[in-house]
Each structure stands twice: as structure tokens, then as C-alpha cells.
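Have the viewer open as you read.

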Amino acid sequence: MAKRVLVLCGNGVATSTVACKKIQDYMAGAHVRCEVIQAKIGELASYADKVDVIVLMAMGAALPEIANKPLLIKGLPFLTGMGLSETLEQIKQHIQKN
């Protein structure tokens, strides 16, 4: 079963689209199989126990306690480009490890 990465932003449209594309491209280039899901922050409850990584694009948003403790990544590098390679590599390593 492919690992799942959930990308959350306020409306599930703009910033999460940018992050999803970058994650999909990086993982395809690294030959890592994963499913990248795009959603609104309000939809977290329906995905929280089904994902391995959460990328949070909304700065300052609080997430509820999640039982399975997926890796939580702050999405700022996807917008600024600063630290992006390291962030993508962190996601890749987590997916491959778990």
C-alpha cells in the first residue's frame, strides 16, 4: 500500500496545489511511491488516521491530537523555496522508513 501525504491549506486550492505538485514531482524523480492528497484544514478529521505525513500550509493553524501521530511538516519551504530540498528529503525518508 502506498504511503499517503496530506497537504492542508485554508481552502484546499492554492498553496496546497503548489506543495502537492512539488511533492509529487520529487517523489516521482526519486522513484518513491506515495499518494499525495490535497484538502482544507477543516477536512483533517476525515484523513488524520489514514495518512503518514501531514504538510500544513496554513501558518499558525493548530491541529487536533491525532492518534497515529503522522509526521507533521510546516509548509513554508514550499512557498519560499528556502529549505525545500531538505523538507522534501525529510518526507521521502519518513515514507521509506515507515
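## Terms and model

Two strands are taken to pair if DSSP finds at least two bridges between them. Helices (H or I, at least four residues) and strands (E, at least two) are DSSP runs, numbered from the N terminus.

This is a predicted model, in which local features need pLDDT of at least 70, side-chain atom pairs count only at pLDDT 80 or more, and totals for chains, interfaces and linings use all residues. Residues are numbered from 1 along each chain as its sequence is written, and side-chain values use heavy atoms, with hydrogens and water left out.

## The sheet

Four strands form an open sheet in the order β2-β1-β3-β4, with parallel pairing. β2 (34-40) and β4 (71-74) are the edge strands; each has a single partner strand, so one side of each lacks a neighbour in the sheet. On average, neighbouring strands are turned by 20° against each other, direction ignored; axes here are lines fitted to C-alpha atoms, for helices over the stretch in contact (heavy atoms within 4.5 Å), and angles run from 0 to 180 degrees between N-to-C directions.

β1 (residues 3-9) and β3 (residues 53-56) are parallel and share 4 bridges. Val53 of β3 is the bridge partner of Val5. Another 4 bridges link β3 to β4, again in parallel, and here Val53 stands opposite Leu71 of β4.

## Helices across the sheet

Helix α1 (residues 15-29) lies across β1, β2 and β3, at about 175° to β2. Helix α4 (residues 84-97) lies across β1, β2, β3 and β4, and runs at about 170° to β4.
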